[in-house]
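Please read them with the structure open.

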Amino acid sequence: MTGVPSPIGPDADGSVTTYAADWAWLPAGCTPDVRIAVAGGRVQAVSTSATPQLGDEHLVGLVLPGLANTHSHAFHRALRGRTHSVAGRESSFWTWREAMYEVAARLTPDTYLALARAVFGEMLLGGVTTVGEFHYLHHRPDGRRYDDPNAMGRALLEAAAAAGLRVTLLDACYLVGGFGPGGYARLEGTQRRFGDGDAAAWAARVDALSDTPSARIGAAIHSVRAVPAAQLPVVVEASRGRPLHVHLSEQPAENQQCLAATGLTPTGLLDRAGVLGPATTAVHATHLSEDDIARLGRSGTSISVCPTTERDLADGIGPGRALADAGSRLTLGSDQNAMIDLFEEARALEMDERLASGERTRFAPEELVAALTGAGQAALGWPDAGRIELGARADLVSVRLDSVRTAGTDPDQALLAATASDVETVVVDGRVVVRGGRHLGMDVAAELRSALAALRG
């Protein structure tokens with residue numbers, strides 16, 4: 001996008017900052033006594049068994065590469081603490097969706113900017129340096145376009161730049177209201193603001209957005225419920241060279257409806273249309289057949305698992321281990337942002353697998369770290385992030401090992417004990433954005449309160 005100021009980038013004077021870490025998660029694993037030299041937003045040198053020097057900035061505890069949140073709907077944060085328990089009446093994913101639509105109907109570019117800025121600030125406090133924002137609130141509530149057809153998307157890009165983290169705007173094609181008798185249902189109610197008419201019009205709108213040093217423009221297929229089968233190849237062609245994400249098999253009803261309408265599972269339908277592949281990330285992928293798992297793995301499609309949302313919405317436990325064994329890279333997302341804690345997402349991936357399998361250590365700590373960092377950054381179009389090594393983007397997240405949660409933990413198992421509250425310092429592209437557990441540019445709690453109050457009236 002053009003014209004959005006960004007605080008992310010190398011220092012103008014090209015100075016070198018050296019960090020001394022008690023422990024750091026390097027490509028070789030969890031390593032003590034590490035010095036990391038940073039200049040121009042990149043890692044310039046990494047030394048191990050190093051003695052801290054005068055002038056080094058001390059990073060306490062364990063230093064991880066920057067975390068990647070591969071699936072977020074920032075506006076869902078307005079539902080936190082308000083939709084989790086509904087006494088006396090049916091409560092399901094589908095009833096929750098109606099509450100979500102009520103929030104979606106009230107957002108404007110200004111209120112979306114304020115809310116997203118605060119939500120992205122909350123992510124930074126938890127160590128997230130890149131977010132994949134899955135965006136489908138495109139137009140006015142009645143479906144008419146704003147004077148700038150990308151006003152809502154530009155609000156999200158501006159929010160990320162102002163908060164201080166990188167963003168991949170996953171602009172979602174959303175054309176129909178689901179499978180209906182004899183075809184696809186029309187967009188109705190709040191859904192009208194999601195649609196562009198057809199995939200070609202969606203692609204033309206997205207083409208008006210541009211990358212910046214701190215933003216990537218990606219693409220998304222909302223789901224096989226929202227994009228007719230005939231339109232899927234148009235989205236694939238328009239998204240070449242960009243990350244492409246898609247909600248997949250979050251609910252059994254989606255599978256049943258897709259089978260009835262097309263004779264294929266959602267995975268089979270996406271495969272036939274050429275959607276699957278190394279540039280694609282399937283979100284949730286919860287209810288899959290063995291053939292679905294094989295197709296996803298064989299194609300190199302990444303998976304964004306969102307355990308805190310999947311458990312809140314009673315979606316189910318996905319086949320994470322089977323997908324990884326088949327060849328898919330796993331990543332993690334906060335999705336509805338009912339909780340923004342990527343450590344909990346990683347822990348839940350492992351613990352849910354334990355519940356489903358009756359076995360422990362389904363994912364080794366290094367696999368969970370990869371899902372949190374390098375695999376997620378690559379899935380969002382930032383392959384040079386997510387590692388602490390020469391030439392990589394200088395994203396550093398220090399996690400305290402002396403808190404009430406982490407005291408006494410082995411550093412290489414700290415992410416199984418830590419929470420977002422244990423993040424002490426966050427460096428994004430060489431810039432310190434969080435220090436002492438506080439965002440340096442904003443009062444995140446105050447901005448959340450203000451944005452939510454304005455949205456609720």
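1. Two strands are taken to pair if DSSP finds at least two bridges between them. Strand S1 (residues 17-26) and strand S2 (residues 29-39) meet that condition, with nine bridges in an antiparallel arrangement. The model is a predicted one.

2. S1 and S2 make a hairpin, and two residues lie between them. Within this pair, Thr18 sits opposite Ala37 of S2.

3. S2 also pairs with strand S3 (residues 42-47), again antiparallel, through five bridges. Here Arg35 is opposite Ser47 of S3. This too is a hairpin with two residues between the strands, and Gly40 in the turn has a positive phi of about 60°.

4. How much of S2 is buried? Eight of its eleven residues are, so the strand is largely enclosed by the rest of the structure. Buried here means under 20% relative accessible area.

5. A separate point concerns the open sheet of eight strands, ordered S5-S6-S7-S10-S11-S12-S13-S14 with parallel pairing. Strand S5 (67-72) and strand S14 (330-332) are its edges, each pairing on one side only. On average, neighbouring strands are turned by 25° against each other, direction ignored.

6. Val283 has Ser304 of S13 as its bridge partner.

7. Two packed helices are described by the angle between their axes and the distance between the axes. For helix H2 (residues 109-125) and H3, the axes come within 8 Å and cross at roughly 35°. The crossing is right-handed. Residues of H2 in this contact include Tyr112, Leu113, Phe120 and Leu124, and those of H3 include Met152, Leu156 and Ala159. By class, the contact between H2 and H3 has 14 nonpolar, one polar and two charged residues.

8. Which residues of helix H4 (residues 199-206) are buried? They are Ala199, Trp202, Ala203, Arg205 and Val206. These residues lie on the same side of H4, because they cover an arc of only 160° around the axis. An α-helix has 3.6 residues a turn, so residues three or four places apart point the same way. Among the elements covering the buried residues of H4 are S7, S10 and helix H5 (232-238).

Key: Residues numbered from 1 in each chain as written. Predicted model: local features only at pLDDT ≥ 70, side-chain atom pairs only at ≥ 80, totals over all residues. Heavy atoms only, no water. Helix = DSSP H or I, 4+ residues; strand = E, 2+ residues; numbered from the N terminus. Axes fitted to C-alpha atoms, helices over the stretch in contact; angles between N-to-C directions. Left-handed = near helix turned anticlockwise from the far one by under 90°. Contact = heavy atoms within 4.5 Å. Nonpolar A, V, L, I, M, F, W, Y, C, P; charged D, E, K, R; others polar. Buried < 20%, exposed > 50% of the residue type's maximum accessible area, 1.4 Å probe, protein only. Arc of directions from axis to C-beta.
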